[in-house]
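Welcome, and thanks for taking a look at this one. Please have the sequence and the coordinates open while you read the notes below.

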Amino acid sequence: MTGEPQDDCLFCKIVAGTIPATIVRETETTVAFRDINPQAPTHVLVIPKAHYRDAAALAVGAPELAADVLRETQAIADQEKLDSYRTIFNTGTGAGQTVWHTHAHVLGGRGLEWPPG
């Protein structure tokens, strides 16, 4: 069920504390941790504690929680002292989503070219 922890979800297990992660920030509704395969000097994932499959599902099902995730991307940028950064939501396999729990990538610490990918 949407919003409920999923037994087979890697990020739900990180939220529950059963899989370790390098947590850099946590709020009542979100967790932020370092990506295990960083694509920039700073690469942090911000996830809602509630399970939503992707950014679109989160936006429809819990817009206030989507706002919390976005707010935390700025908090991470501030904490990491990034003057510029990129926030990315991959939605769907073709866009590179590999974990089916909404997550925002916060990338910074180097020049980020455009177009991405």
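This is a predicted model: local features need pLDDT of at least 70, side-chain atom pairs count only at pLDDT 80 or more; totals for chains, interfaces and linings use all residues.

- Strands S4 and S5 run antiparallel and are joined by 4 bridges. Across this pairing, Arg-86 stands opposite Leu-107 in S5.

- How many residues of strand S3 (residues 42–48) are buried? The count is 7 of its 7 residues, and the strand is described as mostly covered.
- Both faces of S3 are covered. One side carries Thr-42, Val-44, Val-46 and Pro-48, the other His-43, Leu-45 and Ile-47, and all of these are buried.
- Strand S2 (residues 30–34) runs antiparallel to S3, with 5 bridges joining the two. Here Ala-32 stands opposite Val-46 of S3.
- Strand S5 (residues 104–108) is also joined to S3 by 5 bridges and runs antiparallel to it. In this pairing, Val-44 has Val-106 in S5 as its bridge partner.

**A closer look at His-43**

- His-43 is in strand S3. Its relative accessibility is 5%, and because buried means under 20%, His-43 counts as buried.
- Which side chain makes a polar contact with the side chain of His-43? The partner is the side chain of His-105, at 2.7 Å.
- Leaving aside residues up to four places away in sequence, His-43 touches Phe-33, Arg-34, Asp-35, Asn-37, Pro-38, His-105, Val-106 and Leu-107.

- Side chains of opposite charge can pair when their charged atoms come close.
- Lys-49 forms a salt bridge with Glu-26, with 2.9 Å between the closest N and O atoms. The pair links distant parts of the chain, 23 residues apart: Lys-49 is in the loop between S3 and helix H2 (55–61), and Glu-26 is in strand S1. Lys-49 is partly exposed, at 27% relative accessibility.
- Arg-34 and Glu-80 meet through their side chains in a salt bridge, 2.9 Å from N to O. Arg-34 lies in strand S2 and Glu-80 in the loop between H3 and S4, so this pair ties together parts that are 46 residues apart in sequence. At 32% relative accessibility, Arg-34 is partly exposed.
- Asp-68 forms a salt bridge with Arg-71, and the closest N and O atoms are 2.5 Å apart. Both residues lie in helix H3, 3 residues apart, which is about one turn of the helix. Asp-68 counts as buried, with 18% relative accessibility.

**Cysteines**

- Cys-9 is buried, with a relative accessible area of 5%. Cys-12 is likewise buried, at 8% relative accessibility.

**Backbone points to check**

- Most residues other than glycine have a negative phi, and most peptide bonds are trans.
- Lys-81 has a positive phi of about 60° although it is not a glycine. Lys-81 sits in the loop between helix H3 (63–79) and strand S4 (85–88). Is Lys-81 buried or exposed? Lys-81 is exposed, with a relative accessible area of 70%.
- The peptide bond from Trp-114 to Pro-115 is cis, and its omega is near 5°. Pro-115 is placed in the segment after S5.

Definitions and conventions. Residues are numbered from 1 along each chain as its sequence is written. Side-chain values use heavy atoms; hydrogens and water are left out. Buried means under 20% relative accessible area, exposed over 50%, partly exposed in between (1.4 Å probe, protein chains only). Two strands pair if DSSP finds at least two bridges between them. A polar contact is a pair of N or O atoms within 3.5 Å; within protein, one must be able to donate a hydrogen and the other to accept it, and residues adjacent in sequence count only if both atoms are side-chain atoms. Contact means heavy atoms within 4.5 Å. A salt bridge is a side-chain nitrogen of Lys or Arg within 4 Å of a carboxyl oxygen of Asp or Glu.
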